Amino acid sequence: MRRAVIAGNWKMFKTVKEAVALVSELKKSLTEADDREIIVAPPFTSLFPLSKEIKGSVIKLSAQDCFWEKEGAYTGQVSPLMLKDAGCSHVIIGHSERRQYFAETDETVNRKARASLDAGLIPIMCIGEMLEEREEGETFAVLETQLQGGMQDIPVKETEGFIIAYEPVWAIGTGKTATPEQAEEVHAFIRGRLEKAYSRTVAQGIRILYGGSVKPENIDALMAKPDIDGALVGGASLKADSFSRICQFIRAC
Ligand code: PGA
């Protein structure tokens, strides 16, 4: 059984003070459970303060992006090494908002993924189709390209712990969630491609999260599906009560 992952992507929300307040609220309701991991991804400015706040709790820390070089004259960029140093264990890469607004490509996603692994960070690599692509029947082709491009030259030994987040762009922040059946169909497809690219063992070990309007009301149905190993949560991760409820999902199967 793969260990579930619930990750909260706070995007560009919360000052340091607000971030610390949210995590201290979350700590009260979240207790250690063998079957799940809890991650929060605040903006860069709150990473270091939160690394102290989460000590001794079940919460792990992720950044929302990184650059691929270790250091250098790259104004405005932050390296995986620096993220590790600030207390991160994970880093989100290739989020659709970065692809859409910040010219992220499969090639840059791949460079970031490899650099993160080199620094000892676990990438949470996001892939997902746009509405037009789904309507044109291109979902699987788009995902296959993103998956192949993003994981290019990542050797088997580095795939341990690797996390993929399937986030249909049309479901992000729109209130429109993919149905558990739609999500499962895609997750099973992704796992099949991983099996082809690596092996059955590798494919069975990689966690595939669903993201896109995950809420307390739909998490249990999503988690009942065999290939859905967790969730990447945006809006509903910004409040302690909704995020705690999502973290406390009940697995029906
Ligand atoms: P949402 O965002 O839950 O607000 O739809 C998910 C994400 O962008 O990771």
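Ala, Val, Leu, Ile, Met, Phe, Trp, Tyr, Cys and Pro count here as nonpolar, Asp, Glu, Lys and Arg as charged, and the others, Gly among them, as polar. The structure is a predicted model, in which local features need pLDDT of at least 70 and side-chain atom pairs count only at pLDDT 80 or more, while totals for chains, interfaces and linings use all residues. Residues are numbered from 1 along each chain as its sequence is written, and side-chain values use heavy atoms, with hydrogens and water left out.

With those classes in hand, the lining of the largest pocket divides into ten nonpolar, five polar and four charged residues. A pocket is an open set of points on a 1 Å grid over the protein atoms alone, where a 1.4 Å probe fits, with protein on both sides within 12 Å along at least five of seven lines; lining residues have an atom within 4 Å of a point. The 19 lining residues include Lys 11, Met 12, Gln 64, Arg 98 and Phe 102, the closest to the pocket centre.

Turning to the ligand, 13 residues surround it, each with a heavy atom within 4 Å. The closest are Lys 11, His 95, Glu 167, Gly 173 and Ser 213. By class, this shell holds four nonpolar, seven polar and two charged residues. Polar side-chain atoms of His 95 and Glu 167 each lie 2.7 Å from a ligand oxygen.

Elsewhere, the whole structure contains 19 salt bridges, each a side-chain nitrogen of Lys or Arg within 4 Å of a carboxyl oxygen of Asp or Glu. One of them joins Glu 37 to Lys 60, with the closest N and O atoms 2.9 Å apart.

Conventions:
A polar contact is a pair of N or O atoms within 3.5 Å; within protein, one must be able to donate a hydrogen and the other to accept it, and residues adjacent in sequence count only if both atoms are side-chain atoms.
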